[in-house]
Amino acid sequence: MSPEPAAAPPPLLELRRVSKSFPGVAALEDVSLELRRGTVHGLIGENGAGKSTLMKIVAGVCAPDSGELRLAGRSVRLSSPRAALAHGIVMIHQELNLMPSMSVAENIWIRREPLNALRLVNHRELNRKTRALLDELTIDIDPATEVGVLPIALRQMVEIARALSYASQLLIMDEPTSALTERDAERLFAVIRELKARGVGIFYVTHRMEELAALADEISVLRDGRHVGTSRAGDLSRDALIRLMVGRELPALPAAATAIRGPAALRVRGLEVAGELHEVSFELHAGEILGVAGLVGSGRSELAAALFGLTRRTAGSIEVRGTEVTLDSPQAAIACGLGFVTEDRKDTGCFLGLSILENLEIAVLDRDFVRGGFVRATAAREACERMARLLRVKTPGLDERIENLSGGNQQKVLLGRWLLTRPGILILDEPTRGVDVAAKAEIHALIAQLAAEGTAVLMISSELPEILAMSHRIMVMRQGRVSGVLERAVADQVAIMELAAWTRA
Amino acid sequence: MDQGVEPAAPGKSAVRPHRLPPEAGILLVLLALALAFELLGWLLVGQSFLFNGQRLVVMILQVSVIGIIAIGVTQVIITGGIDLSSGSVVALTAMVAASFAQSSDALRAVYPTLTDLPVVVPVLAGLAVGAVAGLVNGSLIAATEIPPFIATLGVMVTARGFAKWYTRGQPVSMLTDAYAALGSGVVPVVIFLATALIFHVALRYTRYGKFTYAIGANREAARISGIRVGSHLVVVYTIAGVLSGLAGVLTSARAISGQAGMGLMYELDAIAAAVIGGASLSGGVGRISGTVIGTLILGVVTSGFTFLRIDAYYQEIVKGAIIVAAVIADQYRRRRRLTAT
Ligand SMILES: Nc1ncnc2c1ncn2[C@@H]1O[C@H](COP(=O)(O)OP(=O)(O)OP(=O)(O)O)[C@@H](O)[C@H]1O
Ligand SMILES: [Mg+2]
């Protein structure tokens, strides 16, 4: 470390020997860190390493068991998020925390609505302030829109806008880009640089190494709740960081075997969903990974929903292994051998409040583990334990509630739920969202292996590197239509973005 | 047990705690209340509260009907719903069942040609009416997606109306001895406990139970996982209706008559029993064992106050406080869990 001048101002925030345990897990042990004004401090670590827990302590969401927080040199106790806000500390949580039935403007300014002379909410002013804020982020949403109808990426942007509205001195971002496309992420980065210039200190949690290279001044690594090192950005190579993070070498990405293009598992012709999809036609072959790229709102998730019988199609035909099928309900889709890992863990994935076991077994319960109405509990548990081990879900046991798992481990459980169905056709919507590099490599290897064994995989992803590395072919969508299909050999980021862009002269 | 899962990293599994079943807390409340009445009994009236077999039987008898309803209501609450219609359904089923249970001595029988029928006829009639009411609840909720609160509120008002209309407000009396026997002695207690056992098993060990919890925990995820959410809800509400019907049969058998005013506010007592027992109105959480204890708590409070010869007003005040305390405890538990996400 470089020698500091003697009278250096105290860092914006100093964490001293912070520890925190939950029943069965020591989430943090003796973590000490510093965040300086006007810098971005990147925080990385495997799923469950304790990143979110540490950030929640800084944001007053949970209290440390021991240790000290010093803000600008003074020891503070943050007993609630409100107390943290009063100190200018704002956190953007890993999972979204918006009220779906309220408008964008109401969500952003909650508790701080501008009032008129009669002390009633001044909606004109409210919308004006929101407009200004959204413009700063170059987000094009009407402030009066109900949050519930927005796609997840835009909700994430709303969440970011809300955090910015606090004009804080310390901003925490817990995987803010995991739901964003590269373009939206770029806008966010511009804002971050701007905030940095204004002297705001930022903790930035991510699993995407490229982002750290672009943004961070310092990078700290957590492993199993311990702080294993901090370095200046650029001092350590990507591989060195990953080694620090996982404590072992990563499996190299299996060079996806060139598709043994089997018979068409899924053939879609002229699929229409009113207002969402138009004339979508494509084929998906057994053993093939078809990547689906596109901007947010391009109809990728809508396509998945239509295939899985969640929305009613107005025209078009779907054939599964050569036979025309209706697929008008999830049951029908599952019966045809389809599986679907949705993009939004919290809203449509996890059964919060239930155990990992109950979350894993649910989709196969009826088919595999029920006899005469009764659940064969031992058989179900054995199968789920095997799956949890295969996916390396990190937990003290399957009876743990799923909300106690870190985000990445929740994602593994959801993937496990569908792998248990042994699907012939697997639809994955952002399968590695919020998953750490090591687990991501594992999941990628698993997907590749599934394909090699003959599963047809439709993989929607906003991460172009993931799409490019994994897919045999890439289908690009734009405004509810297929704008092109690229063979792996000719696909690159530029070609994809060209097909995906809204405006093409 | 846990060895199947990847062993947690070194140093991480050390703090494995001992977890008590969620019922432990309310069981303690039940015992504390019983002991408090025991103590007050010796101080105020010079008698034991607990060591009086007859009083204990009466105590459980009083709440058996509520308990049976609460078992159905618990399942509805686990799905994230609510059933306000139970009390009115009790009245309607009591009327219908009683009308098929009249003896030939009855002067103005509802069905003069259908008297002295075997006891199964009124029982099945009562259960069938309950099933229909539940079916209406469930179908409204599943098909139109109106909130359960509104759907069952409508059925609550309508069923009470039907109960009055059925005999133009006249009570149905002079019931057969065989029918009256259903409500006497410990029969209702036995039926209550047997029902509890059946649904305890159903919720914990069957597909029906697993799906019920899953729907309450996350309806959309349940749908995507291939659960027929609509038809499952119809089943759950129908079961709740049948149990209300059973409660109606027992109520009329015990009173040896059917009256349109029966079962007033029973739905609230049943919801209270479920909530005291740990069921969460936000869905996904609740157990029959908890509901049984919740029912017993209501029973202890009711008979405890009667035993101490204290005015019924106080009884209601305390009951209300217990319900609110139970919900606060539930919120607190949930908040502690949610800091995890
Ligand atoms: N409320 C809780 N109860 C029990 N265990 C918890 C709770 N909150 C977190 N944990 C555990 O603490 C550990 C650290 O979790 P944390 O969410 O901080 O991980 P993370 O580094 O943010 O992971 P990810 O990258 O997956 O988001 C995990 O093992 C998790 O299961
Ligand atoms: Mg996290």
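Predicted model: local features only at pLDDT ≥ 70, side-chain atom pairs only at ≥ 80, totals over all residues.
Local features require pLDDT of at least 70 and side-chain atom pairs count only at pLDDT 80 or more, whereas totals for chains, interfaces and linings use all residues; side-chain values use heavy atoms, with hydrogens and water left out. Residues are numbered from 1 along each chain as its sequence is written, and chains are lettered from A in the order in which they are written.

The interface between the chains comes first. With contact defined as heavy atoms within 4.5 Å, 54 residues of chain A touch 38 residues of chain B. The two chains bury about 4,100 Å² between them, 57% of it on carbon and sulfur atoms; buried area here is the accessible area (1.4 Å probe) that two parts lose on being put together, summed over both. Of the area that chain A buries against chain B, 13% is supplied by Gln331(A), Phe351(A) and Glu403(A), more than by any other three residues.

Two salt bridges cross this interface, a salt bridge being a side-chain nitrogen of Lys or Arg within 4 Å of a carboxyl oxygen of Asp or Glu. Asp366(A) and Arg207(B) are joined in this way, at 2.5 Å from N to O. Among the elements that give two or more residues to the side of chain A that touches chain B are strand E2 (25–35), helix H14 (377–390) and helix H15 (407–419) of chain A; helices (H or I, at least four residues) and strands (E, at least two) are DSSP runs, numbered from the N terminus. The largest share, four residues, comes from H11(A).

Within chain A, the domain assignment gives domain 1 (13–246) and domain 2 (263–501), with bounds from an automatic or database domain assignment. Their centres, taken over C-alpha atoms, are separated by 29 Å. Domain 1 contributes 29 residues to the contact and domain 2 contributes 28 residues.

The area buried between these domains is about 2,200 Å², of which carbon and sulfur atoms give 52%. Asn47(A), Glu95(A) and Ile152(A) supply 27% of the area that domain 1 buries against domain 2, more than any other three residues. Three salt bridges span the domain interface. The side chains of Asp224(A) and Lys394(A) form a salt bridge at 3.1 Å, N to O. On the side of domain 1 that touches domain 2, helix H5 (152–164), helix H6 (182–197) and helix H8 (238–246) of chain A each give two or more residues.
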